[in-house]
Amino acid sequence: MTDKTPAAPIPLTVLGAGAMGTALVRAWLAAGHPVTVWNRTAARAEALAAEGATLAASAAEAVAANRLVIVCLLDDASVGAALDGAGLTGRDLVNLTTGTPAEGRARAAWAQDRGARFLDGGIMAVPPAIGSPGSGGYVFYSGSAELFADHRDTLAVPAGTRYVGTDPGFAALHDVALLSARYGMFAGMAHAFALIGPEDIAPKDFAPLLVSWLGAMSGSAHKAADQLTSGDYTKDVVSNLAMQVAGSATLLRTAEEQGVSAELLTPYLALMERRVAEGHGEEDTTGLVHLLSPRSAGS
């Protein structure tokens with residue numbers, strides 16, 4: 001074999017044939033990887049068998065079939081139940097089941113006690129984006145650096161890869177942090193659409209304005225990161241907290257006039273008022289991070 005000859009696709013096992021597991025299997029099959037599949041409800045994996053996958057009668061049988069084992073199940077408890085009794089010695093276990101950082105760390109120790117190398121993953125994509133070049137989907141990985149290096153090309157088949165460190169909890173932490181930010185954005189969008197709802201303003205006409213505005217505002221994350229790193233929340237402030245709190249009354253009055261509940265706004269506005277009351281009115285909104293978690297920011 002020369003340096004220009006691509007390595008043969010390696011065989012692997014996938015535990016779980018739900019929507020995401022199925023998408024992963026299809027991506028690896030399309031790339032020529034032999035895939036062994038197990039699913040608790042065997043009938044759900046039959047379509048994959050018709051496409052070339054090998055079905056295993058049990059999770060233990062599937063694990064025994066290949067060194068690289070991908071797990072994509074409902075939750076951490078289902079991972080433990082599926083792998084109970086499986087021989088993990090010498091296996092490379094990659095857990096793509098959504099979980100918490102603590103679950104990722106505990107599962108890594110559990111796997112290592114059983115002789116397996118371990119990676120935890122956080123999938124930042126929906127099933128239709130898996131195996132779709134240019135979709136922008138990717139997976140966070142954390143845990144064994146050696147395992148990631150050995151299987152990086154294979155792991156990159158369904159989606160992009162982003163290794164975020166040896167701490168097995170970091171993939172889940174990155175995943176949940178981004179998802180949490182998304183829900184904050186969704187809350188703002190819901191409130192905005194509710195405000196225009198009673199009026200003769202077409203949501204389809206308003207949506208491009210909303211997308212443009214939120215896109216422009218998202219760039220402030222870079223400034224917030226700089227402020228958090230330096231601990232100086234007054235650096236490059238354009239509109240300080242005191243000014244924003246004074247202006248927030250207009251937001252609440254408008255919601256009242258439109259007959260819209262302000263319950264999606266008031267928790268955040270209350271944090272702003274609290275920070276100003278503590279003497280930090282000259283700061284940017286970055287200082288609110290300190291109220292949420294003193295460990296995450298300077299004072």
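1. Ground rules before the details. This is a predicted model, with local features needing pLDDT of at least 70 and side-chain atom pairs counting only at pLDDT 80 or more, while totals for chains, interfaces and linings use all residues. Residues are numbered from 1 along each chain as its sequence is written, and side-chain values use heavy atoms, with hydrogens and water left out.

2. Start with the sheet. Eight is the strand count: an open sheet of 8 strands runs in the order β3-β2-β1-β4-β5-β6-β7-β8, and the pairing is mixed. At the edges sit β3 and β8 (160-163), each of which pairs on one side only. For the terms, strands (E, at least two residues) and helices (H or I, at least four residues) are DSSP runs numbered from the N terminus, and two strands pair if DSSP finds at least two bridges between them.

3. Now look at the β6 to β8 end of that order. Strand β6 (residues 117-124) pairs with strand β7 (residues 138-143) in the antiparallel sense, over 6 bridges; Ile 123 has Val 139 in β7 as its bridge partner. β7 and β8, on the other hand, pair in the parallel sense over 4 bridges, and here Tyr 141 stands opposite Tyr 163 in β8.

4. Which rings form a cluster through ring pairs? Tyr 141, Phe 148 and Tyr 163 do. The whole structure has 5 aromatic pairs, counted when ring centres of Phe, Tyr and Trp (its six-membered ring) lie within 6.5 Å; planes under 30 degrees apart are stacked, over 60 edge-to-face, and the rest tilted. The Tyr 141 and Phe 148 rings have centres 5.7 Å apart and planes at 45 degrees, so this pair is tilted. Phe 148 and Tyr 163 are stacked instead, at 5.0 Å centre to centre and 25 degrees between the planes. Since Phe 148 belongs to helix α6 and Tyr 163 to strand β8, that pair ties together parts that are 15 residues apart in sequence.

5. Tyr 141 is buried at 2% relative accessibility, as is Phe 148 at 5%, whereas Tyr 163 is partly exposed, with a relative accessible area of 29%. The cut-offs are under 20% relative accessible area for buried, over 50% for exposed and in between for partly exposed (1.4 Å probe, protein chains only).

6. On to charges. A search of the whole structure gives 9 salt bridges, each being a side-chain nitrogen of Lys or Arg within 4 Å of a carboxyl oxygen of Asp or Glu. One of them joins Arg 26 and Glu 51 at 2.9 Å, N to O. Arg 26 is in helix α1 (residues 19-30) and Glu 51 in the loop between α2 (46-50) and β3 (54-55), so the bridge ties together parts that are 25 residues apart in sequence. Both ends are partly exposed: Arg 26 at 39% relative accessibility and Glu 51 at 41%.

7. Are Arg 107 and Asp 76 buried or exposed? Both are buried. Their closest N and O atoms are 3.1 Å apart in a salt bridge. With Arg 107 in helix α5 (residues 101-113) and Asp 76 in helix α4 (residues 76-83), the pair ties together parts that are 31 residues apart in sequence.

8. Asp 284 and Lys 223 make another salt bridge, at 3.1 Å, N to O. Asp 284 lies in the loop between α11 (266-277) and α12 (288-292) and Lys 223 in helix α9 (residues 220-230), so parts that are 61 residues apart in sequence are tied together. Asp 284 is buried at 9%, but Lys 223 is partly exposed at 25%. Separately, Arg 67, Asp 92, Arg 117 and Asp 150 are linked in a salt-bridge network.

9. Last, the surface. Tyr 183, Met 185 and Phe 186 form a nonpolar patch with about 310 Å² of accessible area together (Shrake-Rupley method, 1.4 Å probe; for residues, only the protein chains shown count as cover). Patches take residues with over 30% relative accessible area and no salt bridge, joining like charges within 9 Å and nonpolar side chains (Val, Leu, Ile, Met, Phe, Trp, Tyr) within 5 Å. Phe 186 sits in helix α7 (residues 170-196) and is partly exposed at 39% relative accessibility.
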